[in-house]
Amino acid sequence: MSIKNSNRSKLFYTGLAWLISTAIFFPILWTFLTSFKTEAEAISAPPSLFFFDWTLENYREVMERSPYFRHFWNSVVISVGSSLLGLLIAVPAAWSMAFNSTKRTKNILMWMLSTKMLPPVGVLIPIYLLFRDLGLLDSLTGLVVIMTLINLPIMTWMLYTYFKEIPGEILEASRMDGATIGEEILYVLAPIALPGIASTLLLNIILAWNEAFWTLILTAAKAAPLTAFIASYSSPEGLFYAKLSAASTLAIAPIIILGWFSQKQLVRGLSFGAVK
Amino acid sequence: MATNNSRALARAMLSPAVILLLIWMVVPLVMTIYFSFLDYNLFMPGEHDFIGLLNYEFFLTDPAFVDSFFNTIILVVGVLFITLVGGTGLAILLDQAIYGRNFVRIMVLAPFFVMPTVSALVWKNMFMNPVNGLFAYFATSLGFEPIDFLSQMPLTSIIIIVSWQWLPFASLILLTAIQSLDREQLEAAELDGAGKFSRFRFMVLPHLSRAMTAVVLIETIFLLSIFAEILVTTAGGPGNASTNISYLIYSQSLLEFDVGMGSAGGLVAVIIANIVAIFLMRMIGKNIEG
């Protein structure tokens with residue numbers, strides 16, 4: 001009786017969960033499917049879910065009409081570049097706070113977090129004017145610098161929570177065994193710290209890939225990443241749903257796939273270690 | 001000696017990050033404050049007169065500011081409410097024994113990785129469009145008049161779009177937190193006759209408070225400065241119906257080239273964010289230790 005009952009409730013919850021999750025996922029699925037339709041089919045009523053003539057025409061046109069790969073490459077440079085540069089600064093900082101924590105460490109961490117709360121519009125004009133005067137508007141260098149700075153607090157926090165879990169005794173033991181600082185870092189610390197660093201890198205690439213304030217304001221054509229490229233579709237001319245879908249699919253596919261691999265890191269990184 | 005050495009090393013490792021963040025915080029902010037006292041329009045070259053607090057007076061008494069202030073609050077509170085309630089519900093559901101849980105979780109999480117410009121344009125055109133959108137199709141086939149979402153209820157529409165983006169995040173964090181709940185305690189409570197509701201109210205909910213704090217903190221940081229979703233859907237309109245503070249300042253400074261007024265507005269935004277931050281930091285200080 002009770003087994004039968006729990007089976008029934010399992011089926012019920014499964015059905016409910018699949019229904020809701022499909023509804024949540026539906027806009028993405030719909031975009032994906034529409035990208036393979038002709039423009040006429042994309043707005044046909046009744047809409048067809050799967051049964052239409054699949055075509056790759058939209059992808060061909062999107063790539064032909066706009067330099068899609070350049071925008072893609074810009075996104076890669078901005079997100080990966082800023083994340084690597086950020087690591088270079090955040091790893092030593094987090095390391096030092098995790099292993100040489102003083103009374104001030106907690107305050108410094110909180111202060112770093114508070115810089116994240118500075119609204120971008122508060123510094124919009126100075127940054128815009130500085131970029132204009134330095135010739136950094138619409139340049140990848142400028143965006144990499146900005147993206148590094150805005151993600152630095154999250155990177156430092158995230159690395160800090162990882163490093164904090166490395167037992168300090170390991171260091172002492174290796175020192176007792178006569179390891180030099182170089183050996184200590186290379187053979188003892190790097191292997192333990194690497195997973196945390198990789199997770200931080202992954203999460204920050206995702207965040208930078210999707211950042212849509214500075215990338216929209218500071219770029220025009222040359223350095224525009226995918227966020228800005230898609231924004232150019234906001235004023236439609238004629239039939240364009242299928243092409244919008246194709247462009248959107250191209251813009252989000254790589255990061256959704258990366259994202260699925262980073263579920264756990266995401267929780268930990270974005271909750272500042274509060275939830276693991 | 002050795003400790004002095006290592007202390008110096010620790011400081012040297014920490015300082016680049018601290019100095020960079022300090023510069024990033026202080027330099028532009030000081031410039032914003034300076035500009036906010038000037039009569040400075042990019043269209044009018046030449047002298048920028050010092051006009052005291054006039055920019056602030058204009059900005060704060062502009063009806064657009066009052067509108068955008070309340071729009072910002074409605075947007076933040078609305079999305080927080082939807083994602084916290086929906087996220088808790090989803091987290092509890094996904095915590096049940098269900099078939100294909102990993103796949104379900106992947107589907108729920110996906111919208112978080114969609115860039116804001118894509119999700120806003122997809123919702124605007126393919127769902128909310130009053131002629132060709134899916135919602136319009138369902139409305140007409142059921143015999144209703146289709147709703148023109150973005151002109152009839154622009155702010156609500158933006159809340160829907162943004163909630164769709166943030167619901168996955170809230171669900172995932174809360175699910176992770178629920179999964180760390182002590183099952184034996186729950187079972188013991190059940191044996192002692194605690195009902196479903198009281199188990200939720202007195203055991204699950206308190207356990208989730210830390211995770212909820214994290215969700216509120218992170219979401220508020222991002223929601224206070226929503227920009228792209230408004231830019232590509234309504235451009236703040238109709239009128240100021242969907243203008244938030246970020247968008248208002250953007251349009252004043254970069255569309256109307258009023259550097260002085262934009263700076264004054266930017267500073268007001270900073271002050272508002274600081275007030276919110278003080279509350280949040282208190283919350284987080286209690287709930288999250290370094």
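Confidence was summarised for each chain. The mean pLDDT of chain A is 84, and 95% of its residues score at least 70. For chain B the mean is 87, with 96% of the residues at 70 or above. In chain B, the highest element mean, 93, belongs to helix 3 of chain B (residues 63–95), and the lowest, 82, to strand 2 of chain B (residues 49–50). Where pLDDT is low, the predicted coordinates should not be read in detail.

Four cavities of 30 Å³ or more were found. The volume of the largest cavity is about 770 Å³. Its lining comprises 37 residues, and those closest to the centre are A:Glu211, A:Ala212, B:Trp166, B:Phe222 and B:Ser225. Both chains contribute helices to this lining: at least two residues each come from helix 7 (140–163) and helix 9 (181–210) of chain A, and from helix 1 (2–35), helix 8 (154–179), helix 10 (196–224) and helix 11 (228–233) of chain B. Helix 7 of chain A makes the greatest contribution, with five residues. In terms of residue class, the lining of the largest cavity contains 29 nonpolar, five polar and three charged residues.

Helix 12 (245–255) and helix 13 (259–287) of chain B each provide at least two of the lining residues. The largest share, three residues, is that of helix 13 of chain B. Seven residues of the lining of the second largest cavity are nonpolar and two are polar, with no charged residue.

Open pockets were treated separately. The largest pocket holds about 1,100 Å³ of space. It is lined by 37 residues, and A:Trp95, A:Ser96, A:Phe99, A:Asn100 and B:Met13 lie nearest its centre. Helices supplying at least two residues each to this lining are helix 4 (68–99), helix 5 (105–115), helix 8 (168–176) and helix 9 of chain A, together with helix 1 of chain B. Helix 1 of chain B gives the most, with 12 residues. The lining of the largest pocket divides into 21 nonpolar, 10 polar and six charged residues.

The second largest pocket has a volume of about 700 Å³. Among its 16 lining residues, B:Ile92, B:Gln96, B:Leu186, B:Lys196 and B:Arg199 are nearest the centre. Helix 1 (2–34) of chain A and helix 3, helix 9 (183–191) and helix 10 of chain B each supply at least two residues of this lining. By class, the residues lining the second largest pocket are nine nonpolar, one polar and six charged.

Helix packing was considered for one pair in chain A. Helix 4 of chain A, which contributes to the lining of the largest pocket, packs against helix 7 of chain A, which contributes to that of the largest cavity; the axes of the two helices come within 6 Å and cross at roughly 40 degrees. Helix 4 of chain A and helix 7 of chain A are therefore oblique to each other. Their crossing is right-handed. The contact between helix 4 of chain A and helix 7 of chain A involves 22 nonpolar and seven polar residues, and no charged residue.

Conventions:
Residues are numbered from 1 along each chain as its sequence is written. Chains are lettered from A and ligands numbered from 1 in the order in which they are written. This is a predicted model: local features need pLDDT of at least 70, side-chain atom pairs count only at pLDDT 80 or more; totals for chains, interfaces and linings use all residues. Side-chain values use heavy atoms; hydrogens and water are left out. pLDDT is the predictor's confidence in each residue, from 0 to 100. Helices (H or I, at least four residues) and strands (E, at least two) are DSSP runs, numbered from the N terminus. On a 1 Å grid over the protein atoms alone, a cavity is a set of points where a 1.4 Å probe fits but cannot get out, and a pocket is an open set with protein on both sides within 12 Å along at least five of seven lines; lining residues have an atom within 4 Å of a point. Grid points are joined across faces, edges and corners, and a volume is the space filled by probe spheres set on the points. Ala, Val, Leu, Ile, Met, Phe, Trp, Tyr, Cys and Pro count as nonpolar, Asp, Glu, Lys and Arg as charged, and the others, Gly among them, as polar. Axes are lines fitted to C-alpha atoms, for helices over the stretch in contact, and angles run from 0 to 180 degrees between N-to-C directions. Angles under 35 degrees count as roughly parallel, over 145 as roughly antiparallel, 65 to 115 as roughly perpendicular and the rest as oblique. A crossing is left-handed if the near helix is turned anticlockwise from the far one by less than a right angle, and right-handed if clockwise.
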